[in-house]
Amino acid sequence: MTRPVYLDYNATAPLKPAVIEAMTSALAECGNASSVHRFGRLARRSIETAREEVAALVNAAPHQVVFTSGGTEANNLALAALGRGRRLVVSAVEHDSVLKAAAGAEIVPVDSRGEVDLSALKAMLERDARPALVAVMLANNETGAIQPVAQVASLAHAHGALVHCDAVQAAGKMDIDVARLGADTLALSAHKLGGPQGIGALVVAGSVDVRPLFVGGGQERGWRAGTENTAAIRGFGVAARLAREDIPAMQDLARVRDEMEARLLRAASEAVVFASGSSRLPNTSCIALPGIAAETQVMALDLAGVAVSAGSACSSGKVAPSHVLRAMGVAPELTKTAIRISLGWRTTADDIDHLVDAWAVLRARSRSLFADRAGSPAPAA
Amino acid sequence: MTAMTTTKDAETARGSNAPKRPVYLDYQATTPMDPRVLEAMMPYFLEKFGNPHSRNHTHGWEAEEGVETARKQVADLIGADEREIVFTSGATESNNLAISGVANFYKDKKNHIITLVTEHKCVLDTCRHLELQGFEVTYLPVQQDGLLDLELLKKTITDKTVVVSVMGAHNEIGVLQPLKEIGEICRARGVFFHTDCAQAFGKIPLDVNEMKIDLMSISGHKIYGPKGIGALYVRRRPRVRLVPLIHGGGQERGFRSGTLPAPLCVGLGAAAEIAKREMAQDTERVGKLRDRFYKRITDRLPEVYLNGDLKNRLASNLNLSFAYVEGEGLMMGIKDLSVSSGSACTSASLEPSYVLRALGVTEDLAHTSLRIGFGRFTTEDEVDYAADRIIEAVQKLRNMSPLWEMAQEGIDIKSIKWAAH
């Protein structure tokens with residue numbers, strides 16, 4: 001059997017070989033980075049190298065990087081630390097790890113392209129003088145729509161607000177400069193950019209009081225207690241370095257993606273691509289095939305050996321209609337037929353051919369199925 | 001590759017009694033990975049790289065299957081149901097989640113927490129944070145041997161007590177608390193029992209039902225598994241409810257959001273499975289090494305004090321204080337041994353261990369304490385070498401010490417009235 005085609009990079013990306021190599025050697029090492037003996041010091045050094053590499057990915061200083069267990073924890077940590085005593089203002093298209101950690105937040109709407117409505121944000125900030133925390137993601141995980149974070153930040157700062165930016169999907173897919181974005185904190189995840197699962201970071205660029213989510217041991221300058229996950233941190237460092245080098249190649253994927261979308265639209269003229277009017281991540285495509293439930297599409301594609309997703313990969317097992325598409329004003333019926341195709345570092349032209357063929361077959365089959373059903377007599381009562 | 005060959009290779013590489021690398025005797029800080037664990041993890045770094053929460057394709061299912069097998073392996077080691085295991089990033093997170101989670105969930109009815117002064121820093125820090133939020137915390141003292149006085153616990157529980165948190169095996173002194181008895185007391189009074197078993201899980205037999213444990217913190221890297229993964233056992237019957245620390249996609253039945261690191265979960269599961277199979281033989285072998293080391297030291301050095309009870313203790317732990325030497329000097333003298341003075345989290349500071357102080361160990365002796373941790377890959381040669389190096393260093397320091405000289409001459413140092421400078 002040929003290798004299944006994996007086009008779900010926004011859920012998780014396969015690890016890059018150099019990352020695996022670095023991690024397996026780190027896993028074979030023993031040492032608690034807080035120990036003062038040589039084993040401990042070696043672990044410490046390897047963590048600090050990784051911290052530099054992760055910082056470089058977003059043009060931050062190494063001491064601004066706080067390692068966490070992943071993007072979800074980083075988002076939660078930021079909201080808890082920055083949001084204390086502040087009103088929370090978050091965009092409607094944020095990831096659940098922001099939305100669910102920001103209970104009672106005021107929601108900033110987005111336009112039909114999935115971009116945050118800046119004038120609405122301005123009005124919200126002007127309406128209420130209490131200090132706020134504004135959370136807007138850099139790029140959306142479902143549609144790839146890139147948000148005007150720099151403008152959000154300058155607007156927010158002008159009103160005395162702090163800004164958190166979830167850059168989990170954006171990192172490694174576009175150039176990021178945390179200073180230019182102006183965000184006070186930035187959340188990152190390793191496994192979306194070819195690094196291991198179980199490690200992420202919060203980049204603390206602004207001057208923010210330390211307020212950890214969990215305590216004890218005082219690691220990460222008091223921001224995050226617990227024995228450092230040395231091997232995963234090492235893997236994150238290597239992945240961050242490679243991702244930074246590979247950004248031009250990643251940008252080239254936009255062409256591959258656009259061509260793929262054109263072919264999909266040729267195969268099914270009724271299909272709808274979302275957020276195509278906005279600037280998008282180069283690897284992400286969110287596309288609806290009216291009349292065929294997203295789950296049906298995804299299952300059929302899986303049987304044909306192509307992995308894509310319906311919505312984001314979370315817990316429930318139920319595929320709830322996307323809150324992102326709803327916020328963009330997409331009709332509920334149409335949101336239920338949207339799938340996400342996301343490309344990455346190992347994607348080949350063959351992968352795309354395979355997807356396009358499988359999609360065309362899927363559409364043709366369900367058309368004839370529906371045609372049969374429509375033509376068959378009603379079942380006996 | 002098996003553990004045995006690795007150990008032998010390491011021995012050959014080192015030569016018999018002259019290690020090239022420092023001898024690692026700090027198994028309570030962290031343990032080397034068992035090669036069998038790494039082997040189990042590898043496929044999840046390679047072809048089974050999927051997101052375990054991706055519900056609609058093969059890549060996701062494969063990763064999920066690995067995670068669920070691991071969950072079962074962890075549950076099996078403590079007599080739990082796999083639905084009672086919540087994966088976390090490690091025991092620090094588990095301790096935080098257990099204590100603040102349960103305290104916050106039941107805060108309308110109860111507001112009192114009981115723990116011990118000798119608990120791990122992350123338990124104590126969590127309790128201090130809860131005090132700031134208005135909870136009441138009683139920090140119970142321990143007896144000279146490090147053990148909790150059960151009568152004292154009984155007397156301290158009130159109608160307002162929500163949870164009792166007592167460590168299963170101590171990270172510094174290896175002392176094992178009477179979990180079954182504590183569990184009885186808590187259950188009888190309708191109080192939740194949380195135990196930090198970062199050091200006990202995989203080392204001593206644990207059964208959550210027999211011991212009436214409601215919440216148990218578990219760590220991967222203390223049992224030859226990977227760092228960055230742990231678990232919290234959360235009892236289902238009678239059900240324990242928690243306010244989560246991390247919100248988001250609702251993974252781990254809502255207790256802990258975030259993509260599970262499938263390879264790390266698999267690693268913890270494999271480590272638990274090996275521990276279950278090999279616990280008895282590991283304990284016996286490691287205990288023999290520990291006893292050999294202790295005998296060698298005490299045969300040749302007088303005035304060595306064991307901190308913590310010897311009988312109720314991890315087979316893998318010793319905590320010794322050497323009278324008439326100076327702590328930093330001792331550490332400098334044994335640079336090629338990786339041992340710890342106090343727990344790793346605080347060892348970068350040179351304060352005497354709060355744990356030893358709680359046992360009534362004098363400041364002088366607390367300063368000269370060494371924690372020596374033995375484990376699955378420790379060899380007899382390493383043990384002998386390490387003991388000899390310590391003996392040598394202590395003798396050298398004592399030979400330079402006027403206090404030692406006086407003690408040898410029978411002068412009671414405490415009786416000396418020192419002149420003011």
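1. The crossing of H1(A) and H8(A) is right-handed. Keep in mind that this is a predicted model. The residues that make the contact come from both helices. H1(A) supplies Ala18(A), Val19(A), Ala22(A), Met23(A), Ala26(A) and Leu27(A). H8(A) supplies Thr230(A), Ala231(A), Arg234(A), Gly235(A), Val238(A), Ala239(A) and Leu242(A). By type, the contact of H1(A) with H8(A) has 10 nonpolar, 2 polar and 1 charged.

2. Now the geometry of this pair. The axes of H1(A) and H8(A) come within 8 Å and cross at roughly 155°. Angles over 145 degrees count as roughly antiparallel, so H1(A) is roughly antiparallel to H8(A).

3. Next, the contact between the chains. Chain A gives 59 residues and chain B gives 60 residues. On the side of chain A that touches chain B, the elements giving two or more residues are helices H1 (17–28), H2 (38–57), H3 (71–82), H4 (96–99), H8 (230–245) and H10 (294–303) of chain A. That side divides into 27 nonpolar, 25 polar and 7 charged residues.

4. Which residues touch the most other members of the largest nonpolar core? They are Val203(A) and Tyr233(B), in a core of 253 residues. Helix H8 (residues 262–300) of chain B gives this core its largest share, 14 residues.

5. Leave aside its neighbours within four places in sequence, and Val203(A) is in contact with Val58(A), Ala60(A), Gln64(A), Val65(A), Val178(A), Thr185(A), Leu186(A) and Leu188(A).

Definitions and conventions
Residues are numbered from 1 along each chain as its sequence is written. Chains are lettered from A and ligands numbered from 1 in the order in which they are written. This is a predicted model: local features need pLDDT of at least 70, side-chain atom pairs count only at pLDDT 80 or more; totals for chains, interfaces and linings use all residues. Two residues are in contact if their C-beta atoms, placed from the backbone, lie within 7 Å. Helices (H or I, at least four residues) and strands (E, at least two) are DSSP runs, numbered from the N terminus. Ala, Val, Leu, Ile, Met, Phe, Trp, Tyr, Cys and Pro count as nonpolar, Asp, Glu, Lys and Arg as charged, and the others, Gly among them, as polar. A nonpolar core is a set of buried Ala, Val, Leu, Ile, Met, Phe, Trp, Tyr and Cys residues joined through C-beta atoms within 7 Å. A residue is buried if 20 or more other C-beta atoms lie within 10 Å of its own, exposed if 12 or fewer, and partly exposed in between; C-beta atoms are placed from the backbone. Axes are lines fitted to C-alpha atoms, for helices over the stretch in contact, and angles run from 0 to 180 degrees between N-to-C directions. Angles under 35 degrees count as roughly parallel, over 145 as roughly antiparallel, 65 to 115 as roughly perpendicular and the rest as oblique. A crossing is left-handed if the near helix is turned anticlockwise from the far one by less than a right angle, and right-handed if clockwise.
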